[in-house]
Amino acid sequence: MAVRCLLVDDNPGFLQIARKTLESGGFVVVAVATCSADAVRHARQARPEVALVDVELGAESGFDLARQLASDDPA
């Protein structure tokens, strides 16, 4: 079974390349997001097994987002 992945980055070019790379490796990219709010919404809806998060997410902290996504309730 393929691993379901959420990609989060504020660079659209990186998101496109990462998606192609992961999908060619057998991952299923269930959603992409460019900000924390979208990432949390997508995580709730798509329930990915893995999230690839940019640590420098524009003005937001990718570390804070990763902690939020890893919590039991990503609200």
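These questions and answers cover the nonpolar cores and salt bridges of a predicted model.

Me: Which element gives the most residues to the largest nonpolar core?
Reply: The largest nonpolar core has 11 residues, among them Leu 6, Ala 31, Val 53 and Leu 65. Strand E1 (4-8), strand E2 (28-33), helix H2 (36-46) and helix H3 (62-70) each give two or more residues to this core. The most, three residues, come from helix H2.

Me: Which residues is Ala 39 in contact with, leaving aside its neighbours within four places in sequence?
Reply: Ala 39 belongs to the largest nonpolar core. Contact here needs heavy atoms within 4.5 Å. With neighbours within four places in sequence set aside, the contacts of Ala 39 are Leu 6, Val 8, Ala 33, Leu 65 and Leu 69.

Me: How many residues are in the second, separate core?
Reply: Leu 7 and Leu 15 belong to this second core. Leu 22 and Val 29 are also included. The count for this separate core is six residues.

Me: How many salt bridges does a search of the whole structure find?
Reply: Glu 23 forms one with Arg 19. Asp 38 forms one with Arg 41, and Arg 67 forms one with Asp 64. The search of the whole structure gives three.

Me: In which helix do Glu 23 and Arg 19 both lie?
Reply: The closest N and O atoms of this salt bridge are 3.2 Å apart. Glu 23 and Arg 19 are four residues apart, about one turn of the helix. Both lie in helix H1.

Me: Is Asp 38 buried, partly exposed or exposed?
Reply: Asp 38 forms a salt bridge with Arg 41, with the closest N and O atoms 3.2 Å apart. The two are three residues apart in helix H2, so about one helical turn separates them. Buried means under 20% relative accessible area, and exposed means over 50%. Asp 38 has 25% relative accessibility, so this residue counts as partly exposed.

Me: How far apart are the closest N and O atoms in the salt bridge of Arg 67 with Asp 64?
Reply: Arg 67 and Asp 64 are three residues apart in helix H3, which means a separation of about one helical turn. A salt bridge needs the nitrogen within 4 Å of the carboxyl oxygen. For Arg 67 and Asp 64, the closest N and O atoms are apart by 2.6 Å.

Me: Is Arg 67 buried or exposed?
Reply: The cut-off for exposed is over 50% relative accessible area. Arg 67 has 53% relative accessibility, so this residue counts as exposed.

Terms used: Residues numbered from 1 in each chain as written. Predicted model: local features only at pLDDT ≥ 70, side-chain atom pairs only at ≥ 80, totals over all residues. Heavy atoms only, no water. Core = buried A, V, L, I, M, F, W, Y, C linked by side-chain atoms within 4.5 Å. Buried < 20%, exposed > 50% of the residue type's maximum accessible area, 1.4 Å probe, protein only. Salt bridge = Lys/Arg side-chain N within 4 Å of Asp/Glu carboxyl O.
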